[in-house]
Amino acid sequence: MLTLSLILCPIVAAIAVLFSSRETARITALVGTLVELALAAHAFYYFTANADFQYGFDYAWLFNATDGKSGIRFSGAIDGISLLPVVLTGLVTPLIVLSTFKQTYDRANSFYALILFMQSALMGVFVARDGFLFYLFFEAALIPIYFLAAMWGGENRVKVTFKFFVYTIFGSLLMLVALVYLYANTPTTTTGVHSAAIADLYALNLSQAQQGWIFWAFFIAFAIKMPVFPFHTWQPDTYVESPTPATMLLAGIMLKMGVYGLIRLLLPIVPAGVDRWGSLAITLSIIGIVYGAIIAIRQRDMKRLIAYSSFSHVGLMAAGVFSRSEMGLQGSLIQMLAHGINVVGLFFIAELILQRTGTRQLDQLGGITRNTPKLTVYFMIILLGSVALPLTNGFVGEFLLLAGIYAYNHYLGLVAGLTIIFGAVYMLRMYQKSMFGTANTRTEAIADVSSSESYTLLVLCVFVFWMGLYPASFLKLTEPAVANLLQYIK
Amino acid sequence: MSTDLLCLLIPLLPLLGFLINGLGFRKVPTSLVGIIGLAGPVLAFICVFLLWGAFKAGDNAVIKSVLFDWISVGDFHINFSFQIDQLTMLMLGIVTGIGSLIHLYSIGYMHHDAGFGKFMAFLNLFLFFMLLLVLGSNFVIMFIGWEGVGLCSYLLIGFWNTNTSYNNAARKAFVMNRIGDLGFLLGIFTIMATFGSVEYTDVFTQAVGMEVNDKVILTITLLLFVGAMGKSAQIPLYTWLPDAMAGPTPVSALIHAATMVTAGIYMVVRANVLFSLAPLTLDIIGGIAIATALLAASIGLLQNDIKKVLAYSTVSQLGYMFMGLGATAYTASMFHVITHAFFKALLFLGAGSVIHAMSDEQDIRNMGGLRKSLPITFWTFLIGTIAIAGIPPFAGFFSKDEILAHVFEHSKVMWVLGVIGSAMTSFYMFRLLFLTFFGEFRGTSEQKHHLHESPLSMTLPLMVLAVLSALGGLMNVPEVLGGSAHLAEFMSPLFDEARQANPAIFEANALDHGTEMMLMGVSAGIAILAAIGAYFMYVRNAAVPAPDSAERSLPQQVVYGKYYIDEFYESLIVRPVRALGDAFYSLGEFAIDAVVGGVAFAVRGSSTALRRVQSGSISLYVLIMVLSITLLVALRFFTLPFIGGK
């Protein structure tokens, strides 16, 4: 039931936001997301470290069978694999809402309601236990983010969001076809109906050829969402043109739908397909790591730089999944959370600087640190998380991911490892060009972070260190589910 | 106090200092900043002293202290745990001892700076990471410290962060170290795959049974050495260290001379079992080391910045330490780490005192005759110079000679090259000394007016370090000179496993006393000759190096231009990567878009029915999507027999 409330709470809050006055919209939204955070925290705190699905709900929906199991069901629950994305969604959304407090948006009610609808859909993706339900939420998440980008975005928003939309719809359609095909292949012998339960999809005995096709259908769908090279060209523009809260949702949470999909659906449903094509997928992912990083080195716009860095980092997570090792999978799970925290922090800081100086162009910035001791420290901590310095959250994930990839193939591990060098190059360059050096007319009078901004950054920083110093609080919870999954696919 | 508590307190005390000064920056009063900043290292030093007692009381048995299970995946665990043995004790002594002295010095040197609190905080943080590095009981804890000291090095090199070239130097240091760190990391992964553990004791016990020059061992040791190259500034990853002199001078003394840069030597000595099993790697190390030692020493001959001379000297001395490692003279290398920490910290702090007195002047062409106005600085600097030059009976003589004696057993050619290097060392150090402290004053009258000896907080560390530089050699006087090689005896148990794993490599054809004396005589004699040469050139003939604009002969110009290695890296790596970034961004992205988009369009284009929808507005899409989702939800209330309902 807790799981169901995780999906419903944001919807209720969204409706409340729509009916509240313009001034109270954001407060209502914040309260709603805080309640959701409490629910997610509850789920995290009371989660039992085993491979079972917990806090579940299960209702008949379509084509019900008499056994109360088959058909398409409205069912969801949290296991070790869903837990961290759920925590991420619960944690980051209130911070995103809080981060907007110094801004005023037109049609604020719609703006905040869309964020809340988005949260509901994201939660749905991460807890769905039915293939079609997963698809439903996967698609549903696109609608609010599309409107956020198209209505509150920058100058090129129409062109950019169109590309984004076509790309992701295309991927989703492939997934839908694959799901229908899988559904139709489930046995009907005992109950007379097919079953879309994800567990039943795992049990399918598909031929090598079938698995190959389904592998690609799923892979392209998820690869577009993350994105993985070469399906990424929608991403930098969309991240840059979207209003920053939407960018945070996209990079912080939404791209994890792709990584999560790989782990939840692709690996266990088509293990033979992964055997056949996994090496190609991992190679594409690793090309993306280096390609994205090298582009990031040359970017002048902070937001675009962070967008490319995110593209580079997500390649590492995908590669870790395809290494199909316990380290790689554990690494990508913890890195999903870590990356979500860091990238939200970075986009927020880019936005703070834009609001105060009117620019995100690195060559127009510099010398900010002189007036902003708090921002200097927060930015540095989040940056250290992003460059995976030991004792920060980024290190645990990258260490495990790289170890998993290196065990899979030494050379791929070496190339993927370049991320720690390039990451340092572009991140430190960004920091230096914005914060250090001499101040100019734009930056000399810059104000330090306000208290509401400070809360957001402080919470992010606490997580940077908590996850870096004591990752066991997270790894222990995900471990049984990952071990279980690995047994399934071997 | 229990040893567990002591182990914990040693890194935590400086960390506490960092937190107080760091978080309270601009609020903690200046007078307190210094005391808080100094308290951490001094208390940690006292803890090290107490720990030493406990260690001795336990008959030098290895002490382990497990804090918690840090990262674990399946059966693989990385503990956050510490290990105390002879090597750790030595390093703890150096880091907290010299660390305390340099913190004291920093109070005098930096208290006028607006960022004094920040400075002390970063120094404390550095100590925390450095102590983790040497305390860790496994490779990953070492790696935490390894990267952490890199961060502090970055923060402190770019301490005066309004200066772009300082910031660039800081970034360069971090990135070059990261290149090495990738090697280290891959080495750790190979260790994990081979031994199923990263814990020193587990790994080394298993390694004892392995073949000499086993491929896996070679891979591991080479990858680890790549890490050492970065941190300890060996060819090809050394160019960051001279640039790192942008940082305040106490930083150069502590991080870029006495402690952090010797982490690479610590790592090899720590993993001596693995390296002893890989003679091939040791040969590579030896080759790179001698090349680095000579290259850096030759550059040092023509440098005119007081700190740059010392920086190249550090690179060169680190080369000597690795030369020792290459000849499996682990003890001798550690001995040199210790003595070098004494005299190089002394020299840097002395240089700082000079720079302080000269109102931030660093060019020795504008100094001269300073011995009268800076007597303490002069005398202590002189002792440091004699020590580093390898003139008996000061510390550097003993440690460098021990390395050279082992190198001689290993290869006569290497020994000759080593002696040439030490002649250069003696020459450039005395050149530095003479140009700074002898002759006529060559600075401005304003500088002259301002000349003063530094306050006690700065001269006291100089005096202590001078005593250590003078007497430090006594801890390991060889038998041939009537000593009893205390240090060698103390460290011996560290190499038991290595001796067991590969006895052949330790069976040196021991030198007879006559040869040993002869070798010492030669190297000391050459060092003295070089010093005399420098005296004639710079004191008798009062030669002053030519200004930068002067015409130089081609070989001189090449050395003066530091062999143009930076320019070489710039055109070989930096610019191509930038060009690639631009090409990817402008062309690559466009091409990918065209190809991926084109394929998608071709697929969609085949269906004319859909075309009309595609050309339509986004809102239509969204409408369709919303409708279909609603439909999907609403389907709940209908049954569609053809899909397979009831």
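This briefing describes the fold, packing and chain contact of a two-chain model. The model is predicted. Chain B holds 27 helices and two strands, and its C-alpha trace spans about 105 × 60 × 55 Å along the principal axes. The largest nonpolar core comprises 425 residues. At the contact between the chains, 56 residues come from chain A and 53 residues from chain B.

- Of the 646 residues in chain B, 53% are buried.
- Among contacts in chain B between residues at least 6 apart in sequence, 80% connect residues at least 24 apart.
- UniProt, in an unreviewed entry, lists residues 70-120 of chain B as "domain: NADH-Ubiquinone oxidoreductase (complex I) chain 5 N-terminal".
- That span, residues 70-120 of chain B, is 59% helix and 25% strand, and its end C-alpha atoms lie 29 Å apart.

**Contact between the chains**

- The contact draws 56 residues from chain A and 53 residues from chain B.
- Helix α17 (residues 410-435) of chain A gives nine residues to the side of chain A that touches chain B, the largest share of that side.
- By class, this side of chain A has 41 nonpolar, 12 polar and three charged residues.

- The residues with the most contacts inside the largest nonpolar core are A:A141, A:I145, A:F218 and B:A345.
- Beyond four places in sequence, A:A141 touches A:M118, A:A121, A:L122, A:V125, A:M254 and A:M257.
- Helix α6 (residues 142-152) of chain A is mostly covered, with eight of its 11 residues buried.
- The buried residues of α6(A) are A:L142, A:P144, A:I145, A:Y146, A:F147, A:L148, A:A149 and A:A150; A:I145 is also among the residues with the most contacts inside the largest core.
- A:A318 belongs to helix α13 (residues 302-322) of chain A.
- Because 28 other C-beta atoms lie within 10 Å, A:A318 counts as buried.
- Setting aside neighbours within four places in sequence, A:A318 contacts A:M226, A:V228, A:V259, A:L262 and A:S285.
- A:A318 and A:N440 are 122 residues apart along the chain, and their C-alpha atoms are separated by 41 Å.

**Helices of chain B**

- Helix α20 (residues 456-471) of chain B has 16 residues and reaches 22 Å from its first C-alpha to its last, close to the 22 Å expected at 1.5 Å a residue.
- The buried residues of α20(B) are B:M458, B:T459, B:P461, B:L462, B:L465, B:A466, B:L468, B:S469 and B:A470.
- These buried residues of α20(B) pack against α3 (86-110), α15 (330-357), α16 (375-389) and α17 (395-410) of chain B.

**Strand pairs**

- In chain A, strand β1 (residues 54-62) and β2(A) pair in the antiparallel sense over six bridges, and A:F57 stands opposite A:G76 in β2(A).
- Five of the seven residues of strand β2 (residues 72-78) of chain A are buried, so this strand is largely enclosed by the rest of the structure.
- In chain B, strand β1 (residues 63-73) and strand β2 (residues 76-84) pair in the antiparallel sense over nine bridges, and B:K64 stands opposite B:Q83 in β2(B).
- The hairpin of β1(B) and β2(B) has two residues between the strands, and B:G74 takes a positive phi near 60 degrees there.

**Backbone exceptions**

- Most residues other than glycine have a negative phi, and most peptide bonds are trans.
- A:M226 and A:P227 are joined by a cis peptide bond with omega of about 0 degrees; A:P227 lies in the loop between α9 (208-225) and α10 (235-241) of chain A.
- The peptide bond from B:I235 to B:P236 is also cis, with omega near 5 degrees, and B:P236 is in the loop between α8 (215-231) and α9 (240-243) of chain B.
- A:A388, not a glycine, has a positive phi of about 60 degrees and lies in the loop between α15 (373-386) and α16 (393-408) of chain A.
- A:A388 is buried because 28 other C-beta atoms lie within 10 Å.
- B:N60 has a positive phi near 55 degrees and is found in the loop between α2 (30-57) and β1 of chain B.
- With 14 C-beta neighbours inside 10 Å, B:N60 counts as partly exposed.

Notes: Residues are numbered from 1 along each chain as its sequence is written. Chains are lettered from A and ligands numbered from 1 in the order in which they are written. This is a predicted model: local features need pLDDT of at least 70, side-chain atom pairs count only at pLDDT 80 or more; totals for chains, interfaces and linings use all residues. A nonpolar core is a set of buried Ala, Val, Leu, Ile, Met, Phe, Trp, Tyr and Cys residues joined through C-beta atoms within 7 Å. A residue is buried if 20 or more other C-beta atoms lie within 10 Å of its own, exposed if 12 or fewer, and partly exposed in between; C-beta atoms are placed from the backbone. Two residues are in contact if their C-beta atoms, placed from the backbone, lie within 7 Å. UniProt positions are given in the numbering used here, feature names are shortened, and annotations may be inferred rather than shown by experiment. Helices (H or I, at least four residues) and strands (E, at least two) are DSSP runs, numbered from the N terminus. Ala, Val, Leu, Ile, Met, Phe, Trp, Tyr, Cys and Pro count as nonpolar, Asp, Glu, Lys and Arg as charged, and the others, Gly among them, as polar. The expected span of a helix is 1.5 Å times one less than its number of residues. Two strands pair if DSSP finds at least two bridges between them.
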